[in-house]
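Hi everyone, thanks for coming. Let me put the sequence and the structure on the screen, and then we can walk through some strands and charged pairs.

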Amino acid sequence: SFSISSGNVRGSGHDAGGAFIISGTESNGHVTFEKRYDSACISAVVTAIFRSLDTHSNGEISLKEFKPWMQGEWKGLSDENAKKLFNLFTTDCTNMISEAEFLEKCSDR
């Protein structure tokens with residue numbers, strides 16, 4: 001639900017992506033707004049994705065676990081570009097993505 005008061009749009013709700021807030025403006029019958037998800041919901045979704053990718057259940061994602069997911073998301077992604085994406089996630093030169101690294105790269109933190 002949302003409300004418009006003095007040209008300001010405010011509201012909140014819940015959908016498949018989780019809890020969100022709406023903020024924006026109204027002018028001459030036209031409404032412009034931004035929908036932002038609650039950071040706790042984003043963290044929960046990113047954590048669930050990480051755990052689904054961590055097929056070895058060792059708290060880290062290897063390139064072997066990461067690459068099929070990326071190539072499924074981006075059809076035609078080459079092995080070379082999948083490796084480049086993987087390297088954007090890992091910051092400690094271990095060739096593994098930790099849950100903290102994944103969360104940091106996938107959220108607004």
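Helices (H or I, at least four residues) and strands (E, at least two) here are DSSP runs, numbered from the N terminus, and two strands pair if DSSP finds at least two bridges between them. This is a predicted model, where local features need pLDDT of at least 70, side-chain atom pairs count only at pLDDT 80 or more, and totals for chains, interfaces and linings use all residues. Residues are numbered from 1 along each chain as its sequence is written, and side-chain values use heavy atoms, leaving out hydrogens and water.

Let's begin with the strands. E1, residues 2-5, pairs with E2, residues 8-15, in the antiparallel sense over 4 bridges. Ser3 has Arg10 in E2 as its bridge partner. In the hairpin between them, Ser6 takes a positive phi near 55°. E2 also runs antiparallel to E3, residues 18-27, with 8 bridges, and His14 has Ala19 as its partner there.

Now the charges. How many salt bridges does a search of the whole structure find? There are 4, counting a side-chain nitrogen of Lys or Arg within 4 Å of a carboxyl oxygen of Asp or Glu. In one of them, Lys35 meets Asp15, with the closest N and O atoms 2.6 Å apart. Lys35 sits in strand E4 (residues 30-37) and Asp15 in E2, so this pair ties together parts 20 residues apart in sequence.

Another salt bridge joins Glu80 and Lys84 at 3.5 Å; both lie in helix H3, about one turn apart.
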